[in-house]
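Hi,

Here is the structure I promised to pass on.

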Amino acid sequence: MLLAPILVLNMLILGKKFDWMAIVFFVGSLFGVNYIQAVHPEWFFDYSSEKARSEDFLITGVSILFLLGLMLRTLNRSYEDAIGEVSRLKYQQDGDYYLTSLLTRPLSGIRIRSKTVQIQTYIKQKKSFQFKNREYELGGDICVADQIVLRGRSYLVFANGDAMGKSMQGAGGVLVFETAFRALVERTHREGILSGYYPERWLHTALNDLNDVFEGFEGSMSMSLLLGLVDEENGFLYYLNAEHPFPIRLRDGKASFLSEEATNFKLGMLKDRARIETCWIRPGDTIIIGSDGRDDLSMGNTTDTNRVINMDHTSILLHAEVSLGNIETLGERLQKIGELTDDLSLLSIRFHPQTPVDSRERNDHLEEPIRLHKKNQDKEALPLLTQYADRHPSDPAVWKLLHRVYRKLEKPAEAGRAAENFSNLHPSGLQTIFDGAIQYAKASLIDDAIDMAERIYSRKPEVIPVIKILSRLYQKSKRLDKAEEYKKEILRLQNHRTT
């Protein structure tokens with residue numbers, strides 16, 4: 001009878017999961033031994049009476065139960081202490097995660113107020129954590145957007161990046177990038193030099209500045225990036241790709257890659273002259289940019305428990321079509337068809353133009369100047385064109401005509417300015433930009449000519465006539481190192497074509 005309260009006492013004191021099973025097992029064993037002693041006393045030594053056997057059993061049982069209780073309690077306390085320490089460290093780590101997320105939050109996000117360009121983002125970081133009963137995420141993916149003014153025109157600057165590493169390491173890369181990006185935007189707002197750049201030159205400058213920051217980590221931190229500008233007035237897109245997944249254009253329900261070429265190394269890696277890619281965003285188009293989390297989906301396991309990762313980078317096109325360009329729907333769809341193995345970020349761009357120039361009014365006012373220009377009566381056509389340009393400075397047609405008229409009248413400075421104005425409104429016209437560079441060179445406006453020629457070179461670095469002009473212009477401007485650099489580039493391209 002003495003063993004029963006001792007058993008209950010131990011079970012109440014220990015009270016941990018599965019500890020009572022050990023107590024019951026040992027107590028059952030003791031009763032089993034006692035029963036065997038009573039039935040087969042001849043199996044044991046020095047047990048001459050039942051009383052002796054009972055006393056010995058009682059002493060042995062109490063001793064074993066006491067020692068067992070001490071051992072299990074010690075183990076339970078060690079277990080509780082270990083769990084407590086792990087919980088404390090986990091809480092401290094989540095606190096660090098939370099503080100890091102607080103640092104990145106003010107610098108990220110979309111800071112635009114545009115009537116014509118709409119940007120949406122979707123971010124799902126792989127690392128999620130709980131702090132003070134609230135859920136948060138932390139990772140290396142980022143989407144940012146802001147507004148800047150270049151040469152009097154308003155642009156939206158956006159970036160979608162994927163920093164090396166996950167959770168804290170990735171968040172560190174994001175924090176570095178966000179700080180450098182916001183500083184660059186503020187410099188553009190405050191400094192006249194950066195705000196006077198063409199979009200192509202601004203992107204090159206931005207990429208170099210960001211790359212210089214990441215190079216300071218000597219390879220321990222890098223980031224893939226797609227950085228771009230959208231002209232708010234005409235919806236023309238400029239972008240460069242630093243080893244980021246290819247951007248997607250959804251047009252008329254059909255998705256396709258804008259380009260399938262990375263134009264630069266990742267930030268923090270080898271520096272190279274990046275190619276600027278361009279395209280028009282038409283009304284109804286959706287441009288979708290995303291990190292490699294959109295492709296690196298776990299599709300399940302094989303029979304030998306190896307994970308199957310999606311290897312088809314074109315599958316995202318079908319998902320973009322099914323989601324109708326809605327990146328919220330696209331992100332949720334990707335998580336339904338597979339498990340994310342990396343951070344996922346998506347950014348979409350849409351363009352809603354304002355009322356265009358009335359074509360009938362244009363035809364009415366430009367019909368006479370066009371007729372005079374065809375008859376080589378350019379002096380008579382010039383005042384009509386300048387009057388129309390003053391009333392409708394956003395009409396590219398009038399600047400293209402003015403460029404032709406000024407060329408005929410041998411006014412190279414004015415012809416170059418007209419070509420520049422046309423290129424601002426219709427940036428895809430590379431031939432007019434090239435003509436503008438030549439006209440500026442004829443007018444001895446060397447710096448303006450270099451700026452125009454560099455615009456073409458940044459988009460088409462393989463065009464040798466443009467490189468020849470740049471070499472000559474830098475020679476005239478006494479920048480012999482740049483002139484020599486372009487001469488070497490000409491030789492490299494010529495040798496490449498002959499092999």
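Glutamate 243 sits in the loop between β8 and β9 (248–251), where helices (H or I, at least four residues) and strands (E, at least two) are DSSP runs numbered from the N terminus. Its phi is near 55 degrees, a positive value in a residue other than glycine. Most residues other than glycine have a negative phi. Glutamate 243 is partly exposed, at a relative accessible area of 36%; buried here means under 20% relative accessible area, exposed over 50%, and partly exposed in between (1.4 Å probe, protein chains only).

Serine 444 has a positive phi as well, about 65 degrees, and is not a glycine. You'll find serine 444 in the loop between α13 and α14 (446–459), and with a relative accessible area of 55% it is exposed.

Before you go further: this is a predicted model, in which local features need pLDDT of at least 70 and side-chain atom pairs count only at pLDDT 80 or more, while totals for chains, interfaces and linings use all residues. Residues are numbered from 1 along each chain as its sequence is written, and side-chain values use heavy atoms, with hydrogens and water left out.

Now the overall picture. The chain has 16 helices and 16 strands, and 44% of its 499 residues are buried. Taking contacts (heavy atoms within 4.5 Å) with a separation of 6 or more, 67% are between residues 24 or more positions apart.

Next, the cores. A nonpolar core is a set of buried Ala, Val, Leu, Ile, Met, Phe, Trp, Tyr and Cys residues joined through side-chain atoms within 4.5 Å. The largest one has 35 residues, and Phe177, Trp202, Leu227 and Leu229 touch the most other members. At least two residues each come from β5 (141–150), β6 (153–163), α4 (167–190), α6 (199–215), β7 (223–231) and β8 (236–242). The largest share, seven residues, is supplied by α4. To see how Leu227 is surrounded, leave out residues up to four places away in sequence: leucine 227 then touches Val157, Phe158, Ala159, Phe181, Leu203, Ala206, Leu207, Leu210, Tyr238, Tyr239 and Leu240. Apart from this core lies another, of 23 residues, including Tyr440, Ile450, Ile467 and Leu470.

Beyond its neighbours within four places in sequence, tyrosine 197 contacts Leu150, Arg151, Trp202 and Thr205. Leucine 150 is 47 residues away along the chain, yet the two C-alpha atoms are separated by 6.1 Å.

On to the helix pairs. Axes are lines fitted to C-alpha atoms, for helices over the stretch in contact, and angles run from 0 to 180 degrees between N-to-C directions.

α10 (residues 378–391) and α11 (residues 396–408) pack at about 150 degrees, their axes 10 Å apart. That makes α10 roughly antiparallel to α11, a label for angles over 145 degrees. Their crossing is left-handed, meaning that the near helix is turned anticlockwise from the far one by less than a right angle. Among the residues in contact are Leu382, Leu385 and Tyr388 of α10 and Trp399, Leu402 and Tyr406 of α11.

For α12 (residues 412–425) and α13 (residues 430–442), the axes come within 8 Å and cross at roughly 155 degrees. So α12 is roughly antiparallel to α13, and this crossing is left-handed. Phe422 is one of the α12 residues in the contact, and Tyr440 one of those in α13.

The pair α15 (residues 464–476) and α16 (residues 480–498) packs at about 160 degrees, with axes 7 Å apart. These helices are therefore roughly antiparallel to each other, with a left-handed crossing. The contact includes Ile467, Leu470 and Tyr474 of α15 and Ala483, Tyr486 and Leu493 of α16. Arginine 472 lies in α15 and counts as exposed at 55% relative accessibility. From arginine 472 to alanine 483 is 11 residues in sequence and 6.8 Å in space, C-alpha to C-alpha.

Cheers

Methods
Angles under 35 degrees count as roughly parallel, over 145 as roughly antiparallel, 65 to 115 as roughly perpendicular and the rest as oblique.
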